[in-house]
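Please read them with the sequence and the model side by side.

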Amino acid sequence: MPRLNRKDEHILIRLKQKSGLADFSDIHFVHNCLPECNLDEVTLETSLLGMELRSPLFINALTGGTPLSKRVNAALAGVARECGLPMALGSQMAALENPLVEETFKVVREVYPEGLIWANLGSYATPELAQRAIEMVDAAALQIHLNVPQELAMREGDCHFEGVRQRIKEIAAAVTVPVIVKEVGFGIAREQAHLLIEAGAAAIDVSGRGGTNFLAIESRRSRRRLSPEILSWGLPTAVSLVEVLDAAVGRAAVMAAGGMFSSLNIAKALALGADAVGFAGHPLYLLLKQGRRALVRAIQRLEQELRLIMLLTGSSTLEELRRVPLVITGFTGEWMKQREISVAKYR
Ligand SMILES: Cc1cc2nc3c(=O)[nH]c(=O)nc-3n(C[C@H](O)[C@H](O)[C@H](O)COP(=O)(O)O)c2cc1C
């Protein structure tokens, strides 16, 4: 049962780590003192991959496979239902290998029958396994995760990375729902975003550096020390977001994730052009440390503040927020310059 033990260890170690936030301090809004809209008219409604959403937020992939993860999945599904958000499952490989643990994932459907649930597998999956994962929970989309640094840091990690693009291509061509390709906290760059879109990804979830750090988690699990430089490997979420947007605009949806549990950062990510924003580690922490109500309240607060920020930029819809002027300074601005990503288009 190494896979199952691992899933519980991920949860328990994540709870001991500080919940970092993504760094969007280089992205600045310009205050609008004449907004010409009313707070009660500001709406977070949006559409994503053909799904109509009341808010651009979603609960990202976390867990499944064990009694603890069944409880977590049931509670998260309850929160997702109360807040009306989509929810992604943790990797379903455990249930494909052992049908006895399917219930730890299916519980989400029981709690949230009408919900938008996203299936999840690693890039080692075959089209047949991918379709089974989708059908297990009647998923509206399939996430495929990329996690090379994590595999490298795990004692039991699979260090064979050839053929991933081809497998994604075969899966995207075969399955009945849109495929979202995601990282797990190290970000995605423009070059790979191009390749993933060519392979058939309908959306890319950048899951960049700033929140959950799987190198730190795996180094603690395996009791193998990694040097601080290696522990901070990865593209910061804001940088990864501008990289992926540069490749994806008009071709694939883009999701910002990786330390995204601040209303201001969420607003900035949406203003840059993200179609949706996901969070995983911080909601897990709040749920297990402070309980379900605290998590629901935190999500409601994020949404209320997001509306305030939209008003302060003169935006009553997310479409309008995407058109407000932004100033991009510092490290992110310099990164964009060197990578020839237009800063001017955000002005
Ligand atoms: C305990 C834990 C387990 C996770 N398991 C998965 C997984 O099974 N599949 C996956 O795609 N991502 C998994 N993730 C990664 C998240 O979906 C997300 O991409 C990443 O944690 C960055 O977001 P965050 O900073 O909000 O946590 C996991 C994250 C955590 C904290």
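1. F58 sits in strand β4, where helices (H or I, at least four residues) and strands (E, at least two) are DSSP runs numbered from the N terminus. Leaving aside residues up to four places away in sequence, F58 touches L85, P86, M87, A88, A276 and G278, a contact being two residues whose C-beta atoms, placed from the backbone, lie within 7 Å. F58 and I309 are 251 residues apart along the chain, and their C-alpha atoms are separated by 19 Å.

2. A word on the basis of these points: this is a predicted model, in which local features need pLDDT of at least 70 and side-chain atom pairs count only at pLDDT 80 or more, while totals for chains, interfaces and linings use all residues. Residues are numbered from 1 along each chain as its sequence is written.

3. The largest nonpolar core has 110 residues, of which M87, L142, A201, I204 and V277 touch the most other members; such a core is a set of buried Ala, Val, Leu, Ile, Met, Phe, Trp, Tyr and Cys residues joined through C-beta atoms within 7 Å. Helix α11 (residues 237-248) gives the most to this core, with eight residues. Not counting residues up to four places away in sequence, V277 touches P56, L57, M255, A256, A257, M260, I266, A269 and L270. As a general background, nonpolar side chains tend to be buried together in soluble globular proteins.

4. Turning to the ligand, 27 residues surround it, and A61, H145, G211, T212 and G281 are the closest (a residue is near a molecule or strand if its C-beta atom, placed from the backbone, lies within 6 Å of it). At least two residues of this shell come from each of α1 (2-16), β7 (141-145) and α13 (281-290). By residue type the shell divides into nine nonpolar, 16 polar and two charged, where Ala, Val, Leu, Ile, Met, Phe, Trp, Tyr, Cys and Pro count as nonpolar, Asp, Glu, Lys and Arg as charged, and the others, Gly among them, as polar.

5. Helix α14 (residues 292-312) has 21 residues and reaches 31 Å from its first C-alpha to its last, close to the 30 Å expected at 1.5 Å a residue, the expected span being 1.5 Å times one less than the number of residues. In α14, the residues L295, I299, L302, L306, R307 and M310 are buried. Seen down the axis of α14, these buried residues fall within an arc of 130°, so they line one face of the helix; the arc is that of the directions from the helix axis to the C-beta atoms. They pack against β4 (57-59), α2 (67-83), α12 (263-272), α13 and α15 (318-321). The face turned away from the buried side of α14 carries the exposed residues R293, A294, Q300, R301, Q304 and L308. Just after α14, G314 takes a positive phi of about 80°.

6. V30 lies in the loop between β1 and β2 and counts as exposed, because it has 12 C-beta neighbours inside 10 Å. V30 and P325 are 295 residues apart in sequence and 6.5 Å apart in space, C-alpha to C-alpha. Apart from residues up to four places away in sequence, V30 touches P325 and V327.

7. Two backbone angles deserve a check, since most residues other than glycine have a negative phi. Phi of E36 is near 55°, a positive value; E36 lies in the loop between β1 (27-29) and β2 (46-48) and is exposed, with 7 other C-beta atoms within 10 Å. Phi of E340 is likewise positive, near 55°; E340 lies in the segment after α16 (330-338) and counts as exposed, with 8 C-beta neighbours inside 10 Å.

Note on methods. Buried ≥ 20, exposed ≤ 12 C-beta atoms within 10 Å, placed from the backbone.
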